[in-house]
Amino acid sequence: MLLIVSAITFFMINLAPGGPSALMRFDVTPEQREALTRRFGLDQPVPVRYLQWLAGALHGDLGTSLTTQQPVLDRIGERLPNTLLLSGLALTLSIVVGIPMGIASALRRGKPTDYTLSTLSLLGLSIPAFWFGIMLILTFSVTLQWLPSSGVATTGADFSLKDRLQHLIMPTIVLSTAALPTVVRFTRSAMLEVLGQDYIRTATAKGLSRTVVTYGHALRNALVPVISVIGALVPRLVGGAVVTEAVFGWPGMGRLAVEAANGRDYPLVVGITVVIAAIVILTSLLVDLAYTWIDPRIRLA
Amino acid sequence: MTPRARHGAWYRLVRQPLPCASLVLLVALHLAVVLGPRVWTISPQATDPINALLDPSPEHPLGTDELGRDELARMLQGGQVSLVVGFCAMLTSIVLGLLVGALAGFYGGVASAILMRVTDAMLAIPGLFLILAAVTVFGANPVTIILIIGATSWMAVARVIFGETLRWKATEFVQAAQALGASGPYVLARHILPQTTASVVVSATLGVGIAILTESALSYLGLGIQPPTASWGNMLQNAQQYMFTAPALAVYPGVVVTVVVLAYNFLGDGLRDALDPRL
């Protein structure tokens, strides 16, 4: 999988018109251009360069950034923890809030609660995340002045947990709109499906209380498909991080990707894409494992 | 689908209040964006620095932006750009998804395995990262933006069509057509693809909304539609800088994007219910 991803990105970037050599500025002489081309190994054919890159990547060397001359891996390493923290929190929030909302919606099907929650989740799917972020800043930073509008921490101040948390609140909420509505919608439909099954009617018929039936019998079975959708949400969250980080000036992978795109920093773009894909593939593997653990009927293929 | 069934689907659609209202709203908005600039003839590009960041007035019903450009004219132009990009990107993604899904599903074999592997690989890369990588290479102008958004969003459609093609390929009437000597492309075009109409229409409707969201996010990041051409996304990028002095500029484009995307989502859900009564 990773091989395909890296090959797609690498070849796309290197075969395109105005490929990496176009990055050279206008003021360099032909000789300098020649020297730079050789230094970056750009005089080799693309497949050869891919194999060289691949050999390096297997040893943990993703090449050198063209804009800052630092190793790509270092630049990614600086930013990755921030993005993981933000996405992890947003995913946790989506699960912790989304599953109960989905259950509530399913249990009150067709009632006002259900309509409100369903409309809200559709709204969450439709609102541009960056605009939602801007509106939050407008409300809580500009008007009410409760929360800081950007960054990971107040510059110049000593480390304080409270300060860090305040900086995390709005980005986490904004990023979770990439996942929360889907969790709610999915939990709702999974619950409704399970609640319609015969064994639920049997459980109710033999006199078990509604609570026992809902949480003991229905929820456990409904959670199986919900876990699979959570795996599919990880790419969405990481993608959503690009926009969220831009709105809140959050120094993470998303902003790095935007900077790399603006600076036409090809090795960095390839490195970011591969690292992100690796993370996504790793989490989907973990989700598969969790899946077999929860539902022993499923065997790993 | 017989004319009668189509009539039935239309009937089921207009009986649902929200999708129906969404349809009316979308038609009205598209008309406004197309006809608006003929009625409201102020140029969206004409700058007037003395009258920058004005509050709404009869001359400028939505006020002016940081360069004194008329906000209403820019909203209309931005709407044209955003809606056209959204629609064309959706078309690109549907065509690609149909091609990949139908060919992989119908012919099977090694080619199919490769196509679906590529689909999975592309699904594993978070959309915006893929789009940023593509923009780095191909640059940002309306045509490349359309193609890039289309080329990075066909995977879901391909999977749906792949599944449906497999399902219909196994049905008796398709096997009968093949037994009678119909060629592969003919069976695919005449017997299998028409069965997928409902899925395609629903995916297309939801796809426009998603493409508009993607375009606005990309333009907001400064990697989409480039100024001075207005799009709802890049208008928000500018507005964020003037949030303290002119908060209203940050409100209009966002509200319109949200309403349009919400309407497409309601319409898509409504169409799914109307076209596929089994669900």
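# Close-up views of a two-chain predicted model

**Figure 1. How confident is the predictor about chain B?** Chain B has an average pLDDT of 81, and 90% of its residues score at least 70. Please keep in mind that everything shown here is a predicted model. For the model, the scores are ipTM 0.76 and pTM 0.80. A friendly word of caution: where pLDDT is low, the predicted coordinates should not be read in detail.

**Figure 2. Chain B is built from twelve helices and zero strands.** If you walk along chain B from the N terminus, the elements run α-α-α-α-α-α-α-α-α-α-α-α. Chain B has 279 residues, and 46% of them are buried.

**Figure 3. Helices H2 and H3 of chain B pack against each other.** Helix H2 covers residues 17-39 of chain B and helix H3 covers residues 71-107 of chain B. Their axes are 9 Å apart, and the angle between them is about 125°. On the H2(B) side, look for His30(B), Val33(B), Gly36(B) and Pro37(B). On the H3(B) side, the partners are Leu76(B), Gln77(B), Gly79(B), Gln80(B) and Leu83(B). Sorted by class, this contact of H2(B) with H3(B) holds four nonpolar, five polar and no charged residues.

**Figure 4. Helix H3 of chain B also packs with helix H12 of chain B.** H12(B) spans residues 247-275, and its axis lies 11 Å from that of H3(B). The angle here is about 30°. Angles under 35 degrees count as roughly parallel, and H3(B) and H12(B) are therefore roughly parallel to each other. H3(B) passes H12(B) in a right-handed crossing. From H3(B), the contact uses Glu71(B), Met75(B), Gly78(B) and Gly79(B). From H12(B) come Leu249(B), Tyr252(B), Pro253(B) and Val256(B). The contact of H3(B) with H12(B) includes five nonpolar, two polar and one charged residues.

**Figure 5. Chain A meets chain B.** How many residues of each chain are in contact with the other? The contact joins 38 residues of chain A with 34 residues of chain B. Several helices of chain A each supply at least two residues to the side that touches chain B, among them H1 (2-15), H5 (112-126), H6 (129-143) and H10 (210-248). Helix H11 (253-262) and helix H12 (266-294) of chain A also each bring at least two. That side of chain A has 33 nonpolar, four polar and one charged residues.

**Figure 6. Chain A, and a look at Ala205(A).** Chain A has twelve helices and zero strands. Of its 301 residues, 37% count as buried. Among contacts in chain A with a separation of 6 or more, 71% involve residues 24 or more positions apart. Ala205(A) sits in helix H9 (residues 198-205) of chain A. Is Ala205(A) buried or exposed? With 8 other C-beta atoms within 10 Å, Ala205(A) is exposed, because a residue counts as exposed if that number is 12 or fewer. Ala205(A) and Gly240(A) are 35 residues apart along the chain, and their C-alpha atoms are separated by 46 Å.

Conventions:
Residues numbered from 1 in each chain as written. Chains lettered and ligands numbered in written order. Predicted model: local features only at pLDDT ≥ 70, side-chain atom pairs only at ≥ 80, totals over all residues. pLDDT = per-residue confidence, 0-100. Helix = DSSP H or I, 4+ residues; strand = E, 2+ residues; numbered from the N terminus. Buried ≥ 20, exposed ≤ 12 C-beta atoms within 10 Å, placed from the backbone. Contact = placed C-beta atoms within 7 Å. Nonpolar A, V, L, I, M, F, W, Y, C, P; charged D, E, K, R; others polar. Axes fitted to C-alpha atoms, helices over the stretch in contact; angles between N-to-C directions. Parallel < 35°, antiparallel > 145°, perpendicular 65-115°, else oblique. Left-handed = near helix turned anticlockwise from the far one by under 90°.
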